[in-house]
Amino acid sequence: MSDTTQTRRPRRDARENRAGILAAAHIALAHDPRASVDAIARQAGLSRRALYGHFDDRDALVSELVAQGAERFNAVAATIDDTDARVALARLAGALWNEAAHVQVLAAIALDEAHLEETATALAPLRRTVVRIVREGQDADVLRTDVAAPTLARLVEETARTVITRIDASSPEARTLAVRAVLSIAGLSWRQAAALLDMHPEILADVARTEEAGA
């Protein structure tokens with residue numbers, strides 16, 4: 001065994017252990033936003049001391065989860081370019097639901113006041129996208145105009161968060177309910193939402209099927 005192999009293996013093992021801790025934290029925090037370090041360590045199959053070998057404290061661990069989730073969400077938001085604001089909003093909600101694990105853990109963390117500001121800052125690009133879509137929809141008179149765009153954008157966000165935290169992400173109807181709820185608060189009737197989704201079935205298409213079609 002070469003010296004190079006001996007020096008690289010610990011680094012690889014450390015990365016794998018760190019990834020395992022983050023995965024365990026996703027599960028623990030989605031179940032309980034205030035899950036302790038001990039609970040997360042148990043979920044990861046590690047001791048508290050071993051976890052602290054990778055993260056200085058619980059806040060550091062949560063901060064990394066926020067950063068990871070926000071990076072994925074903001075990247076998704078950057079891909080939404082539909083000219084019809086109704087379609088753009090539905091597609092954004094559906095695409096974000098494809099990141100269900102990250103969605104649920106970030107929603108859970110956002111309920112913890114200790115990380116509320118941090119989460120809001122990390123998700124700023126996504127929030128700007130939602131406000132832009134809402135403004136465009138209001139200008140085109142296809143979304144409700146009885147409230148200001150920033151307020152409506154926040155209502156959309158809170159509606160999505162409520163659905164996320166109250167519905168099992170593994171449920172076959174979860175994505176559909178999330179998208180329909182967002183369209184509803186944005187001003188569409190249930191019939192209008194159904195018609196829109198019938199015209200754009202790809203919005204609710206199963207992720208695996210979509211990937212297979214593109215293979």
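**Helix packing and exposed sites in a predicted model**

Trainee: Are α5 and α8 roughly parallel or roughly antiparallel to each other?
Mentor: In this predicted model, α5 and α8 pack with their axes 8 Å apart, at an angle of about 155°. Angles over 145 degrees count as roughly antiparallel. The two helices, α5 and α8, are therefore roughly antiparallel.

Trainee: Which residues of α5 make the contact with α8?
Mentor: On the α8 side, the contact is made by Leu126, Thr129, Val130, Ile133, Glu136 and Gly137. Their partners in α5 are Ala85, Ala88, Leu89, Leu92 and Leu96.

Trainee: How many helices does the protein have?
Mentor: The elements, read from the N terminus on, run α-α-α-α-α-α-α-α-α-α-α-α. There are 0 strands, and the number of helices is 12.

Trainee: What percentage of the residues of the protein count as buried?
Mentor: Residues under 20% relative accessible area count as buried. The accessible surface of the protein comes to about 12,100 Å², and 50% of it belongs to carbon and sulfur atoms. Of the 215 residues, the buried share is 38%.

Trainee: Is histidine 31 buried or exposed?
Mentor: Histidine 31 lies in helix α1, which covers residues 3-31. A residue counts as exposed over 50% relative accessible area. Because its relative accessibility is 73%, histidine 31 counts as exposed.

Trainee: Which residues of α2 are buried, and why are they said to be on the same side?
Mentor: Helix α2 covers residues 37-44, and its buried residues are Val37, Ile40 and Ala41. They cover an arc of only 100° around the axis, so they are on the same side of α2. Just after α2, glycine 45 takes a positive phi of about 75°. The buried residues asked for are Val37, Ile40 and Ala41.

Trainee: At what angle do α10 and α11 pack?
Mentor: Helix α10 (residues 174-186) passes helix α11 (residues 190-199) in a right-handed crossing. Val179, Arg180 and Leu183 in α10 meet Trp190, Ala193, Ala194, Leu196 and Leu197 in α11. The axes are 9 Å apart, and the angle is about 125°, which makes α10 oblique to α11. The angle asked for is about 125°.

Trainee: Which exposed residues are on the face of α11 turned away from its buried side?
Mentor: The buried residues of α11 are Ala193, Ala194, Leu196 and Leu197. Seen down the axis, they fall within an arc of 165°, so they line one face of α11. Their cover includes α5 (85-97) and α10. The face turned away carries the exposed residues Arg191, Asp198 and Met199.

Trainee: What is the relative accessible area of aspartate 141?
Mentor: Aspartate 141 is in the loop between α8 (124-139) and α9 (149-166). Although aspartate 141 is not a glycine, its phi is positive, at about 60°. Aspartate 141 is exposed, with a relative accessible area of 61%.

Notes:
Residues numbered from 1 in each chain as written. Predicted model: local features only at pLDDT ≥ 70, side-chain atom pairs only at ≥ 80, totals over all residues. Heavy atoms only, no water. Helix = DSSP H or I, 4+ residues; strand = E, 2+ residues; numbered from the N terminus. Buried < 20%, exposed > 50% of the residue type's maximum accessible area, 1.4 Å probe, protein only. Areas by Shrake-Rupley, 256 points an atom, 1.4 Å probe, with all protein chains shown as cover. Arc of directions from axis to C-beta. Axes fitted to C-alpha atoms, helices over the stretch in contact; angles between N-to-C directions. Parallel < 35°, antiparallel > 145°, perpendicular 65-115°, else oblique. Left-handed = near helix turned anticlockwise from the far one by under 90°. Contact = heavy atoms within 4.5 Å.
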